[in-house]
Amino acid sequence: MKKRVLIGGFMHETNTFNPFPTGIEEFKKYGFFYGQEIIQKRRQTNTELGGFIEELEQAEGIEIFPSIFAGTMAGGIVTSATFDLVTSALLNTLRETQVDGILLALHGAMVAEGHDDGEGDLLESIRELVGPNIPIVITLDLHATLTPKMAAHADAMVIYRTYPHMDKAERGREAAQIMLRTLAGEISPTVAVAKRPLLIGPPQNVLPSDEPMRSIMARAREMEKLSQVIAACPAHGFMQQDVPFAGVGTAVTTDGNPELAQSLAEELADLLFQHRRDYLVELPSPEETIALAARSSRPTVAIADVGDNIGAGTPGDGTALLHEILRQGVKSAFVTLWDPEAAQLAAEAGVGKEITLAVGGKSDPLYGPPAEITGRVRTITDGIYLNREGMGYSAGVIGNMGLSVRIDSGELTIVLNSIRTSPNNLMHAYAIGVYPQDYQMVICKGGLAFREAYKPPIVNSYIQSDTPGYSSCNLERFSFKKLPRPIFPLDDI
Ligand SMILES: [Zn+2]
């Protein structure tokens, strides 16, 4: 008899300081699939589901049972209606169909109305339904806010090791292998989580390629060489999140040894915490940023618009840097903004027309005011593109920027998108005919994730700018209420 493995997922990175709730329509813009559509849309993609599918399809005696996948761009708190809809759809498939194992792609930092621990609550309701004997193996983003509840209801956790996250399919395959070995009776995984009072994230010094993360990741790899250790994973957590269990964490999965799992998780968490001062960075103001980029001898300069990092749940229409570009008379720059209204107006004007319009700065006073630009409409597209291999995130996945318009004013190029799009795969620019390498500077609505798309020879230097917004790393700007205190760097511990 074949063993049946449910695959599915529910992914959202929730910025609780973004006041706009995330409803089902936001998931439908990016990824919302039932049944076989999951396999059609995600087979051979660099995603966790791509990895699950590849590994399970190669295995003997396994039937893949695709349930539901809902994943969208980071943003405000998920509505309770959406959380209930996705959770009950998943539970219903489990009520109707008996499975031998459950493989889920989760983010780990989802907050829904009434659910501070989105993934913990989801896993708890699955566990209640299927009982203790059906293995649940999950993948998580490196920015997961781990909780003991997640560990209590999952059997194994696999977390991205890379940042930018280029190992999604690889981690998916790893999780699927753990599932296959469990179903074969070779292992009996158990996972432990450890937490520390520390908030870290982009644009801080947190890349696994640099110290101190490099040594911490190396220690995790050493732990995985110990017998009984299946996976040892640090998770950065997500800084702009006001929840009672915020902060860095670690998850260690062992073969039936919960004490070992807990002690290694604690050791790895201690390492993360010991280095707490090494992650901190000082950033230039928007004014200083543009002046630095304009005189840089190492163009193209990629500027991280730190407060308006779409991948950390911001609107993407912040104009702080564009205002400086205009004020300082910068000649050569590429700027992308989320502005459906201006995109519509520009599209109505038509290709070749010169127009003057107010762009960006419409979502929240923090991100405004709008900037007035005059330029020629060059390109109008439906915004559909394919994320390609070697160009950044999510190779093989169809991206959708919605109606998008390119406007040129000399060598200043503004692209207006109607659906918020992270600059994490270069195709977001190429699809509208923009070659970022042609400009002195490019404004990236991101923190660090875009660096796999924007790297040499496309760009030759980086500046991280202290712009205002929901993804600012200046945590004093936020009013935390549920956060456990003391916590570094808000408290000097
Ligand atoms: Zn992440």
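Colleague: In what order do the strands of the open sheet lie, and with what pairing?

Modeller: Strands here are DSSP E runs of at least two residues, and helices are H or I runs of at least four, numbered from the N terminus. Two strands pair if DSSP finds at least two bridges between them. The open sheet has 8 strands with mixed pairing, in the order E12-E13-E16-E17-E11-E18-E10-E19.

Colleague: Which strands form the edges?

Modeller: The model is predicted: local features need pLDDT of at least 70 and side-chain atom pairs count only at pLDDT 80 or more, whereas totals for chains, interfaces and linings use all residues. Residues are numbered from 1 along each chain as its sequence is written, and side-chain values use heavy atoms, with hydrogens and water left out. An edge strand pairs on one side only, which holds for E12 (354-359) and E19 (461-465).

Colleague: Which residue of E19 is the bridge partner of Val301?

Modeller: Strand E10 (residues 301-305) runs parallel to E19 and is joined to E19 by 5 bridges. In E19, the partner of Val301 is Ser461.

Colleague: What angle does the direction of helix H10 make with that of E19?

Modeller: Helix H10 (residues 286-294) packs on the sheet and touches E10, E18 (441-444) and E19, contact meaning heavy atoms within 4.5 Å. Axes are lines fitted to C-alpha atoms, for helices over the stretch in contact, and angles run from 0 to 180 degrees between N-to-C directions. With the direction of E19, that of H10 makes about 165°.

Colleague: Is Asp141 buried or exposed?

Modeller: Buried means under 20% relative accessible area, exposed over 50% and partly exposed in between (1.4 Å probe, protein chains only). Because its relative accessibility is 6%, Asp141 counts as buried.

Colleague: What share of the 493 residues of the protein counts as buried?

Modeller: The protein has 13 helices and 19 strands. Its C-alpha atoms fill a box of roughly 65 × 50 × 40 Å along the principal axes. Of the 493 residues, the share that counts as buried is 63%.
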